[in-house]
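Hello,

Here is the structure I promised to pass on. My notes follow below it.

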Amino acid sequence: MIPKVFREVIDLGDGREISIETGKLAKQAHGSVVVQSGKCMLLCTVVSNYEQKDLDFLPLTVDYREKFAASGRYPGGFFKREARPSDGEVLTMRLVDRVLRPLFPKDYHSETQVMIQLMSHDDDVMPDAMAGLAASAAIQLSDFPFECAISEARVGRINGEFIINPSRAQLEESDIDMVIGASMDSVMMVEGEMKEISEEEMVEAIKFAHEHIKKQCEAQLRLAEAFGKKEVREYPAEREDEDLAKKVYDMAYDKVYAVAKAGSAKHERSASFSEIKEEIKASFSEEELEDFGGLVSKYYRKAEKAAVRDLTLNEGLRLDGRKTDEIRPIWCEIDYLPSVHGSAIFTRGETQALATVTLGTSREANQIDMPSFEGEETFYLHYNFPPFSTGEARPIRGTSRREVGHGNLAQRALKGMIPKDCPYTVRVVAEVLESNGSSSMATVCSGTMALMDAGVQLKKPVSGIAMGLISDGETGKYAVLSDILGDEDHLGDMDFKVTGTADGITACQMDIKVKGLSYEILVNALKQASAGRLHILGKLIETIATPNADVKPHAPKMITVTIPNEYIGALIGPGGKVIQQLQKDTKTTIVINEDPITEEGIVEILGTNQEGIDAVLAKIDSLTFKPEVGSVYEVKVIKMLDFGAVVEYMDAPGNETLLHVSELAWERTENVTDVVNMGDVFDVKFIGFDPRTKKDKVSRKALLPKPEGYKERPPRDDSRSGSRDRDNRGRDSRGRDDRNSRDRDRKRD
């Protein structure tokens, strides 16, 4: 018997709906829902163990997977099973995690797992926009201690009109692609890319999405009420000691404040803070530390955070001595690596990124094979964050989710500035060599310069900046921090990264940790970010103002030509023989693609030697050469025959045709050598195609004046061969087929 199903419907306002359903699937999970829009269906399950882990953080795992069966496809490759998550899936996991994690109690340490699966795909619905809704709805049906319902929504804008949860096709026309996460009363997360929009436009997009998110949160609460809201589970609270907290605070606050105000460098400051902490610990006996040593460390961190925040709010100073809107010193360098196609170093304070650019053909495009999307990227960026960049030693276990997320942000910041007619596949790799505050924004800056150094004709240079916010809800004081340090990232109420050109924002990533942040403060923060971003942009332009006019001498040059479809086979040759030999002879790489619309062949020629590229172009010109009737062409005699001369078109080497003896001169020619010889170069006129042989017909005599008194010879009389009945079809009166003899005559001609 099918169990009772509970369902809520959310009206998106344009004829589309999102439904949330529970009660049918995965009932042993602590909460499960199916979220559906169109044919797209997501199953989300949540489970949290009842025993607490001995950890000082929440062991939360958010897992998002797209099943290939959802779109009626098989996984690619030899192993026909979904394996490690794709970058697209990892990015969706991060979007959901960033909104959920702050809403669990800080002392809740039970292992918690949120699993979201795409079970059915719809080409007109992007599933990642509903993942946050599914996760929160499932949690609302559980007994987890969780602050409030949240949801996420994507917003686009076409012709000035905002659209909620646009399709992928609509995003192609949109100048905004943002995902916003929020509760009923607060925006918590923003991430996306834009086409040089203003700060005010960005805030309007956030407001639009928030109104729709409120409706989605209300639907979750109605579903939970109908299903039967569970009592929130009890869990052992963390040990607290108010007297100890006050004692540690009194011992630490003034000393931390003094160190913070000194404006020292990262390592010196960290050492000073460690000394203060050790002094406090030394004031307790070994027995006391064994009993509540963990609390001492916890309360010290709180005192340190309070002192640093107060310094900024009260005196406008920061840990390294800067004012709130001051940017750290910057130095840049391009063309640092001699063998790569483009390189640049960007250093801002204690953060440094080295970016490289590699140019290739469409064969090097990044192939994306997901159930919800198949395609390729001809511009992509990879970000690496090795442990030495922060002075640590730890094993490297593959690419982390953080690296995927930071690389994606930098890629989105830059990709809109790559011209559509760029012939190359472009790969940027950023190596973070030092990190103390937003290495992803350093990646954007170094990537911009490396692209210009490589000769990629960027539309405009892009810079990025990381910002922070410290606020006091009681007094209303707040401070917006430009170019935040790593320490400021943790102690602030908001951190956000903004990238853009001189004309507008191209990408952003924002995490808001404080409730009820006003849009006025958000606009002010974005305006301050704009000023800092333009300052950094000026430093980039001082290093390299415009893209280099051409690629480096050792970098490959790319030429793209289009050929008619019928010539693709001739260029490839039987078994690829022609193209392989051509690549070998010219030391080039040749890639042929077929235009899906025109079905023409698009030929990419990549090589470091211009002579080799020219040789390939000449071969293509030769293969695709089509003489026009009435046109005059220069030819060269390459072979002598009894009945004419074989000539080669000088403009199309390899293209040859027969110049018949009758077309050499107006006078009767007994011997071909009486008129032309091997190697002679002269002009001929193309007069069409021989109706019998279907081959080119050219004439030398057509360009010569007729001799005085010249008379045309009468046409050949075919009556000598005797009359034939038309219905005999080539058979003479004796019934023999004379077609073979005629074929032989043609061959002799």
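Which residue's side chain does the side chain of aspartate 320 join in a polar contact of 2.7 Å? It is arginine 322. A polar contact here is a pair of N or O atoms within 3.5 Å; within protein, one must be able to donate a hydrogen and the other to accept it, and residues adjacent in sequence count only if both atoms are side-chain atoms.

Some ground rules. This is a predicted model: local features need pLDDT of at least 70, side-chain atom pairs need 80 or more, and totals for chains, interfaces and linings use all residues. Numbering starts from 1 along each chain as its sequence is written, and side-chain values use heavy atoms, without hydrogens or water.

Aspartate 320 sits in the loop between α7 (286–315) and β11 (330–334). Helices (H or I, at least four residues) and strands (E, at least two) are DSSP runs, numbered from the N terminus. Not counting residues up to four places away in sequence, aspartate 320 touches Gly263, Ser264, Arg269, Arg328 and Leu485. Contact means heavy atoms within 4.5 Å.

Next, strand β5 (residues 60–66). Seven bridges join β5 to β6 (residues 110–120), and the two run parallel. Aspartate 63 has methionine 115 as its bridge partner in β6.

Last, leucine 100. Leaving aside neighbours within four places in sequence, leucine 100 is in contact with residues including Leu60, Val62 and Val114.

Best wishes

Terms used. Pairing = 2+ DSSP bridges.
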